[in-house]
Amino acid sequence: MDKKELIRKALEAKEKAYVPYSNFHVGAALITEDDEIFTGCNIEISSYSPTICAERTAIFKAISEGHKKIKAIAVVGDSDFTYPCGVCRQVIREFSKDATIIVANSEDNYREYKLADLLPHSFGPEDLENSRSEEDV
Ligand code: THU
């Protein structure tokens, strides 16, 4: 996996951020298990709550194209190192318990984590595997 390429794509995606309210630009790029790359930017809505982060834009694009397993996701934002918010960490967890998360401010300046570093003791799909009762189905 080419980390620099992923960061480059995240930087490109950041250019597309629609952020008239915060003016805080974020870009994300992820690579799937089958080596496809999907990108996303944050998109803000005037009534605020429908706003979506760059990471989730990229993840939902991948999921909706049939790619459910994320190997790695790179995130770039207007702060020095922009870390995924709690909601996005949980969304990454849904699809890839062992994903690599790269936060960067340039191709050469990045930090790398595993999802479990940023979301320890997480709750996920496996927790619900045996919980459905007969009446529910
Ligand atoms: N934002 C992201 O896109 N990703 C993050 O991980 C942190 C926050 C966006 C949401 C909003 O558009 C702006 O940054 C300010 O919160």
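A residue counts as buried when its relative accessible area is under 20%, as exposed when the value is over 50%, and as partly exposed in between, using a 1.4 Å probe and the protein chains only. Cys-41, at 11% relative accessibility, falls in the buried group. The model here is a predicted one, with local features needing pLDDT of at least 70 and side-chain atom pairs counting only at pLDDT 80 or more, while totals for chains, interfaces and linings use all residues. Residues are numbered from 1 along each chain as its sequence is written, and side-chain values use heavy atoms, with hydrogens and water left out.

Cysteines come up next. A disulfide here is a pair of cysteine sulfur atoms within 2.5 Å, and a search of the whole structure turns up zero of them. Cys-85 is in no disulfide either, with the sulfur of Cys-88 as its nearest cysteine sulfur, 3.8 Å away. With a relative accessible area of 30%, Cys-85 is partly exposed.

Cys-85 also turns up beside the ligand. Residues count as near a molecule if one of their heavy atoms lies within 4 Å of it. The ligand is surrounded by Ser-22, Phe-24, Val-26, Asn-42, Glu-44, Thr-51, Cys-53, Ala-54, Glu-55, Tyr-83, Pro-84 and Cys-85.

A polar side-chain atom of Glu-55 lies 2.6 Å from a ligand oxygen. Ala-54 brings a polar backbone atom to 2.9 Å from an oxygen atom of the ligand, and for a polar backbone atom of Cys-85 the distance to a ligand oxygen is 3.2 Å. On its own the ligand has 370 Å² of accessible area, and the protein covers 78% of that. Such areas come from the Shrake-Rupley method with a 1.4 Å probe, and for residues only the protein chains shown count as cover.

Now for the charged pairs. Side chains of opposite charge can pair when their charged atoms come close. A salt bridge is called when a side-chain nitrogen of Lys or Arg is within 4 Å of a carboxyl oxygen of Asp or Glu, and the count comes to seven. One of them joins Asp-108 and Lys-4, whose closest N and O atoms are 2.6 Å apart. Asp-108 is in the loop between strand S4 (100-106) and strand S5 (109-114), and Lys-4 is in helix H1 (residues 3-14), so this pair ties together parts 104 residues apart in sequence. Helices (H or I, at least four residues) and strands (E, at least two) are DSSP runs, numbered from the N terminus. Asp-108 is exposed at 60% relative accessibility, whereas Lys-4 is partly exposed at 36%.

Glu-107 and Arg-8 meet in another salt bridge, at 3.3 Å from N to O. This pair links distant parts of the chain, 99 residues apart, with Glu-107 in the loop between S4 and S5 and Arg-8 in helix H1. Both are partly exposed: Glu-107 has a relative accessible area of 24%, and Arg-8 has 36%. Lys-69 and Asp-98 also form a salt bridge (2.8 Å, N to O). Lys-69 lies in the loop between helix H2 (54-64) and strand S3 (70-77) and Asp-98 in the loop between helix H3 (86-95) and S4, so the pair ties together parts that are 29 residues apart in sequence.

The loops hold a few other details. His-67 sits in the loop between H2 and S3 and is buried at 10% relative accessible area. Its side chain makes a polar contact with that of Asp-34, at 3.1 Å. Asn-23, in the loop between H1 and strand S1 (26-32), has a phi near 55°, a positive value in a residue other than glycine.

Conventions: A polar contact is a pair of N or O atoms within 3.5 Å; within protein, one must be able to donate a hydrogen and the other to accept it, and residues adjacent in sequence count only if both atoms are side-chain atoms.
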